[in-house]
Amino acid sequence: MTTRISHDTLATTVVANDAHDAELGTTPSLRDEKLPTPPEEDDAAPVIVDLYKPLPRLVGVPEEENPLTVRAVVVGIILGSLVNASNVYLGLKTGFLFGASMFGAIFGFGIIKLLTKLFPKVPFLGAPFGPQENSIVQATTAGAGGLGGLFTAALPAMYQLGLMSENPKDDLGRIWTLTLICSFFGLCFTIPLRKFFIVNMARDLNLIFPTPTATALTIHSMHMVAGTEAVNAMKRMKVLALTFFAAISQRVASYYAIGLLYDWHIFTWFFIWGNYQNAAIHVESWGWMFEWTPAFIGSGMLVGLNTALSLFGGTLFAWGILGPILVKYGICNGRALAPDSDKWNQYYSYASLSNGTGPDGVTSPRYWFLWPGVCVLVCTSLAELLVHWRIFALATRYAWENTKTMDFMRKKGGRSRAVFETQSRRSPNRSQSVFREEDFASEKDQVPLWVWGSGTIAMVIVACIISELQFNVNAGLAILASILAIFFAFLGIHGAGVTDVAPLTASANASQLVFGGITSGQGYSTTQAQMINLVAGSIASGAAEMSQELTSDLRTGFLLRTPPKKQFYAQAIGAVAAMFLAPGVFVLFVTAYPCIIHADASDTCAFSAPTVAAWRAVAQAVTEPGITIPLSSGIFALVLGGLAILQVLVKRTVLSGEREKYRAYLPNWMAIGVAFVLPQTVYSSASLLGATIGHLWMKKRRANYDLYCYAVAAGLIAGEGLGGVVGAALQLGGVSGDEYGTHVGCPLDRC
């Protein structure tokens, strides 16, 4: 389970075409945006633009001949490196990943604007800076900040199952090649999907791509030649920088007084100093405390009250109501953390992932809740995708109507076939076709066929080679993983375009189930079956993740008229940086905190790694005959999965047209599923606090909220993530809070 949090920052007036949406059975979305008029035309009415076409060119901004500049790439790599390190930390700790696009757009604008002012006469640094170059910074940032899912899910699961070396440093070669495949295979096969999803079918399929569109509009407004928008852009950058460094400082300082500055164990305080000792220690055992985590307070400001309430409601139900009931009636049990202590002998942990194979045969609550959580995530994602079945029919038609291009390609190779010539003559006229949108990018601005085509083939070949030689996985299974990656990317791009949520969780779990079915009964040892499950699943889900990221960037570039070829190269350069950076950060964390890769230490580890637990549990369930799902857990999972599917159907059929406004009151089942899988309560409470702050801020001071909300949230998220990297370095240096800090206020005198 890996959840990527994004945010739709389009807060200005919009116009929706309800009739069109009702016809397609999709959610009305942002179609037209009122852009501010240039400063010299303040009295004129705002210009309403079609968000399915490139934005109007900015008056007074010169044409950008080559937006792919060295400074844009360098700044993008630096910013992406911060996001990458932040995501590895946050993903291992919580299972959540955060997008890099808006962070790169705002911070990149401020940094390069500052360079142009400080070095106006230096050609390399003082050249004019425009929106297309800004989108290159954002694309490079996204490339360098990507693939967090691989290092916070499948890869640690391989170590926990004993499939890799004892020391992760010995596996750097295998990690690099696996990262290479996921990165560049996903980048290459995405290019032909651009015209379908972004140019031709965005309007018909209601693919507004909320966050990429918001990023494009933000960049567009920041680059107005003069007036309030240019000033506001610098204000956002300053606020982002301030919150970024404040979050780093708070996180690093908290290592030395964690019970005072970060984790507030309120029920432990009652246990130590109050009169309600027995009740307090039982509540503490279930993890109920408050954590001053900047990242999740910031994320709550972005996701809104509905998602935050759904996450908190799921947490309260699982870990505050049903979990204690399961323990009371002996269906689940916990583990005493200090059974020999007179003071703390009633302090238990329910965060271990015990699957019932022990002497008592009873599972832990975390294992029991894992299956309902995974079922809800998969059912919700797949149901949302399947209700948009029309996309597959349109994709087939699109491919058929474009066989003229295929025929041209075959003629060049000397292998023309009559069927393609016939279809080329029969293809409907462009004016009669549903695929009638025109692309702003000329042929010279497109990614050449030989680049993405040969790259795709090369990556499949490399996947086969490294699967055989480095992981002892059959090359045919690597080919199947590559095919699944394309399929999952297709579904993920559509999901992100409509809802702003890419169903990466469903892709990961589905890939594991597919390869679990393939290896079943084939004579593979348990170890080899698990290696196939995790390696092939990594290729399928990792490449789909990178594909969805590139498509989002191409959407931003489409609105800003950035040549797709330049964006492709920018993200590829960023991906090269990520290929070396992310493994290094991963090794840093597992060296500082070895419990990350040891399953038996998961309930006392500083990194709960819920995504890792989900991958490992699914791999074990489909490969080990002795692993079973508790009957009560399975029944509960099916019931919740059915309710999630039913809500999707009701939302898409009953709550349409005039009743669509009631959709806002439906619970977010994705958030509920995450709450079941995540054994800590602190993230839901911090998110709820952030959402409440954001809601009140928006209600009381809307203009100020629109100006600063994302900057504040992005700074808090990235700042805590980088603070976690600093903390790992302090741990390795022997100067961490464990050595020189205080644990006052913590249970068992440690946090």
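This is a predicted model: local features need pLDDT of at least 70, side-chain atom pairs count only at pLDDT 80 or more; totals for chains, interfaces and linings use all residues.
1. α8 covers residues 172–190 and α23 covers residues 526–560. Their axes come within 7 Å and cross at roughly 45°, so the two helices count as oblique to each other.

2. Who touches whom here? On the α8 side, look for Leu-178, Ile-181, Cys-182, Ser-183, Phe-185, Gly-186, Leu-187, Phe-189 and Thr-190. Across from them, α23 brings Ser-538, Ile-539, Gly-542, Ala-543, Met-546, Ser-547, Leu-550 and Thr-551. Sort the residues of this contact by class and you get 10 nonpolar, 7 polar and no charged.

3. Now move along to α15 (residues 294–328) and α29 (residues 702–732). The axes of this pair also come within 7 Å, and they cross at roughly 150°. Angles over 145 degrees count as roughly antiparallel, and that is why α15 and α29 get this label. The crossing of α15 and α29 is left-handed.

4. Which residues make the contact between α15 and α29? From α15 come Pro-294, Ala-295, Phe-296, Gly-298, Ser-299, Met-301 and Leu-302. From α29 come Tyr-705, Cys-709, Tyr-710, Val-712, Ala-713, Leu-716, Ile-717 and Glu-720. The class count for α15 with α29 is 12 nonpolar, 2 polar and 1 charged.

Terms used
Residues are numbered from 1 along each chain as its sequence is written. Side-chain values use heavy atoms; hydrogens and water are left out. Axes are lines fitted to C-alpha atoms, for helices over the stretch in contact, and angles run from 0 to 180 degrees between N-to-C directions. Helices (H or I, at least four residues) and strands (E, at least two) are DSSP runs, numbered from the N terminus. Angles under 35 degrees count as roughly parallel, over 145 as roughly antiparallel, 65 to 115 as roughly perpendicular and the rest as oblique. A crossing is left-handed if the near helix is turned anticlockwise from the far one by less than a right angle, and right-handed if clockwise. Contact means heavy atoms within 4.5 Å. Ala, Val, Leu, Ile, Met, Phe, Trp, Tyr, Cys and Pro count as nonpolar, Asp, Glu, Lys and Arg as charged, and the others, Gly among them, as polar.
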